[in-house]
Amino acid sequence: MKKALFILGAFNDDDLNWIIYKAKKKVLLPDQTLIYEGRQIDALYIILSGNLKVVIESAGNKELATISKGEVVGEISFIDTRPPLATVKAIEEAVVLGIPRLELTLKLQQNTGFASRFYQGISLCLAERMRGTVQRLGYGVDLADLEKDPDELSPTLLNNLAIAQAKFNLLIQKVND
């Protein structure tokens, strides 16, 4: 599931317009690094197109995941302000939207409504990621059982995700105009 949808789904039109106005589009070429393991990042990123890989260089470039359109990158380091534990590189040409850390932090401090919606979206994003991790690792659960009966999203969340998909499409359109 596209993690950006959790965040965008929580935003109202003014929030989305603020992101469109403040965020910066960046084109990554194949093998270009977006985030370096152990180095502070200066933005929260939304992948608009392309595929990126997440690797741990300190573990011999162990590849953890491939991420693509609609994913959020850098949210954990944004939340806890520590350097990222992994490097993120483009596999192919990719376009990302970077929301500058300083501007986002100021917005969160100055606008409690925006902050509430942002943190609600981030919380849902991280909860979904944690559920996925638990399912992948199993923790004593028969993974075949999980595949037969996956956790379903609530009707409210499904409706919000449909709205969020429309917001994501609008975001891509506005950024490309």
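These legends walk through several close-up views of the structure shown above.

This is a predicted model, in which local features need pLDDT of at least 70 and side-chain atom pairs count only at pLDDT 80 or more, while totals for chains, interfaces and linings use all residues. Residues are numbered from 1 along each chain as its sequence is written, and side-chain values use heavy atoms, with hydrogens and water left out.

**View 1**
Helices (H or I, at least four residues) and strands (E, at least two) are DSSP runs, numbered from the N terminus. Of the 177 residues, 39% are buried; buried means under 20% relative accessible area, exposed means over 50%, and partly exposed lies in between (1.4 Å probe, protein chains only). The protein exposes about 10,000 Å², and carbon and sulfur atoms supply 52% of that area. Accessible areas come from the Shrake-Rupley method with a 1.4 Å probe; for residues, only the protein chains shown count as cover. Among contacts with a separation of 6 or more, 78% join residues 24 or more positions apart, where contact means heavy atoms within 4.5 Å.

**View 1. An open, antiparallel sheet of 4 strands in the order S2-S7-S4-S5.**
Strand S2 (33-35) and strand S5 (62-68) stand at the edges with a single partner strand each, so one side of each has no neighbour in the sheet. From one strand to the next, the twist averages 30°; axes are lines fitted to C-alpha atoms (for helices, over the stretch in contact), and angles run from 0 to 180 degrees between N-to-C directions. Two strands pair if DSSP finds at least two bridges between them. S4 (residues 51-56) and S7 (residues 87-90) pair in the antiparallel sense over 4 bridges, and S2 is joined to S7 by 2 bridges, also antiparallel. Follow Lys-89 in S7 to see both pairings: Lys-89 is the bridge partner of Lys-53 and of Thr-33.

**View 2. Thr-87, a buried residue of strand S7.**
Thr-87 has a relative accessible area of 0%. Both faces of S7 are covered, with Thr-87 and Lys-89 buried on one side and Val-88 and Ala-90 buried on the other. Thr-87 is the bridge partner of Val-55. A polar atom of the Thr-87 side chain lies 3.0 Å from the backbone nitrogen of Glu-37. Not counting residues up to four places away in sequence, the residues that Thr-87 touches include Thr-33, Ile-35, Tyr-36, Lys-53 and Val-54.

**View 3. A second open sheet of 4 strands, in the order S1-S8-S3-S6.**
The pairing here is antiparallel. Strand S1 (24-28) and strand S6 (72-73) stand at the edges, each with a single partner strand, so one side of each is left without a neighbour in the sheet. S1 runs antiparallel to S8 (residues 94-100), and 5 bridges join them. To find your place in this pair, look for Lys-26, which stands opposite Val-96 in S8.

**View 4. Helix H2 (residues 13-22), with buried and exposed residues.**
Asp-15, Leu-16, Trp-18 and Ile-19 are buried in H2. These residues cover an arc of only 155° around the axis, which puts them on the same side of H2; the arc is that of the directions from the helix axis to the C-beta atoms. Asp-13, Asp-14 and Tyr-21 are exposed on the other side of H2. At the N-terminal end, Asn-12 caps H2, with a side-chain oxygen 3.0 Å from the backbone nitrogen of Asp-14.

**View 5. Helix H4 (residues 101-110), with its buried residues.**
The buried residues of H4 are Arg-101, Leu-104, Lys-107 and Leu-108. Seen down the axis, they fall within an arc of 130°, so they line one face of the helix. Leu-102, Gln-109 and Gln-110 are exposed on the other side of H4. An α-helix has 3.6 residues a turn, so residues three or four places apart point the same way.

Most residues other than glycine have a negative phi. Asn-61 is partly exposed, with a relative accessible area of 47%. Thr-81 is partly exposed, with a relative accessible area of 48%.

Technical notes. A polar contact is a pair of N or O atoms within 3.5 Å; within protein, one must be able to donate a hydrogen and the other to accept it, and residues adjacent in sequence count only if both atoms are side-chain atoms.
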